[in-house]
Amino acid sequence: MPQKQQPPGIIPAHGGYQDLKSFQMAELVYDGTVKFCERLVNPRSRTYDQMVQAARSGKQNIVEGSMASGTSKKIELKLVGIARASLEELLQDFQDFLRLKDFILWGKDHPLSKTVRGLCYRKDRSYATYMPYIEKAPPEVAANTMICLIHQTNYLLDQQLRALEKDFLDQGGFTERLYRSRTQARKNKWKN
């Protein structure tokens, strides 16, 4: 008896978030935020919890969105958008820290800003690459370093959101794939 030919996969490959540059940067932001808060924010304050949770949300929503992408591009878009919003909230917390302490917010042409931003091009980049600028530097340098990292991560998330939107518009979502697959299966059934 001939075997039935299986329709093309309805659920596409998903996951793989570890390879996303946005996830890698969000993980650095999370690690740096935790270390920054442990060193420079009162651990009993609401700000401490809010900053750590915003950083965690930025990272974890990328993970969840990536894993959900196989069955819902809509949910993936939503979760990556939430990651982006969480990091924007965190960015404001670091800017508030600088303002309330009367520290200077670096512009993009500040020499240390250029140095920190340039670290992302290192092949062996990890949290250890940024550690001297976060854990061993004065508070102003640490906060500005975190702001640089968040800006870079937000840029990547903005790019990712645009790509996800384009893919969704071009290919549709899970429901459209189900419908196409079911329609094709019916056509094949009537041909046989």
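**Figure 1. How much of the chain is buried?** In this predicted model, buried residues make up 40% of the 192 residues in the protein chain. The accessible surface of the protein chain comes to about 12,000 Å². Carbon and sulfur atoms account for 53% of that surface.

**Figure 2. The protein chain is built from helices.** Count the elements and you will find seven helices and zero strands. Read from the N terminus on, the order is α-α-α-α-α-α-α. Now look at which residues touch one another: among contacts with a separation of 6 or more, 73% are between residues 24 or more positions apart.

**Figure 3. F36 and F94 form an aromatic pair.** How many aromatic pairs does a search of the whole structure find? There are four aromatic pairs. One of them joins F36 and F94, with 4.9 Å from centre to centre and 70° between the planes, an edge-to-face arrangement. This pair links distant parts of the chain, as F36 belongs to helix α1 (residues 21-40) and F94 to helix α3, 58 residues apart. Both F36 and F94 are buried.

**Figure 4. F36 also pairs with F97.** Here the ring centres of F36 and F97 are 5.0 Å apart. Why is this pair called edge-to-face? The planes of F36 and F97 stand at 80°, and an angle over 60 degrees counts as edge-to-face. Because F36 lies in helix α1 and F97 in helix α3, the pair ties together parts that are 61 residues apart in sequence. Are these two residues buried or exposed? F36 has a relative accessible area of 0% and F97 one of 11%; buried means under 20%, so F36 is buried and F97 is buried too.

**Figure 5. Ring pairs build a cluster.** Which residues do the ring pairs link into a cluster? They are F36, F94, F97 and F103.

**Figure 6. A lysine sits over a tyrosine ring.** In this view, find the ring of Y30 and look for K59. K59 lies over the face of Y30, and its distance from the ring centre is 5.5 Å.

**Figure 7. D102 sits in a loop.** You can find D102 in the loop between α3 (73-100) and α4 (111-118). Its phi is near 60°, a positive value in a residue other than glycine. Is D102 buried or exposed? The relative accessible area of D102 is 71%; exposed means over 50%, so D102 is exposed.

How values were computed:
Residues numbered from 1 in each chain as written. Predicted model: local features only at pLDDT ≥ 70, side-chain atom pairs only at ≥ 80, totals over all residues. Heavy atoms only, no water. Helix = DSSP H or I, 4+ residues; strand = E, 2+ residues; numbered from the N terminus. Buried < 20%, exposed > 50% of the residue type's maximum accessible area, 1.4 Å probe, protein only. Contact = heavy atoms within 4.5 Å. Areas by Shrake-Rupley, 256 points an atom, 1.4 Å probe, with all protein chains shown as cover. Phe/Tyr/Trp six-rings, centres within 6.5 Å; stacked < 30°, edge-to-face > 60°. Lys NZ or Arg CZ within 6 Å of the ring centre and 35° of its normal.
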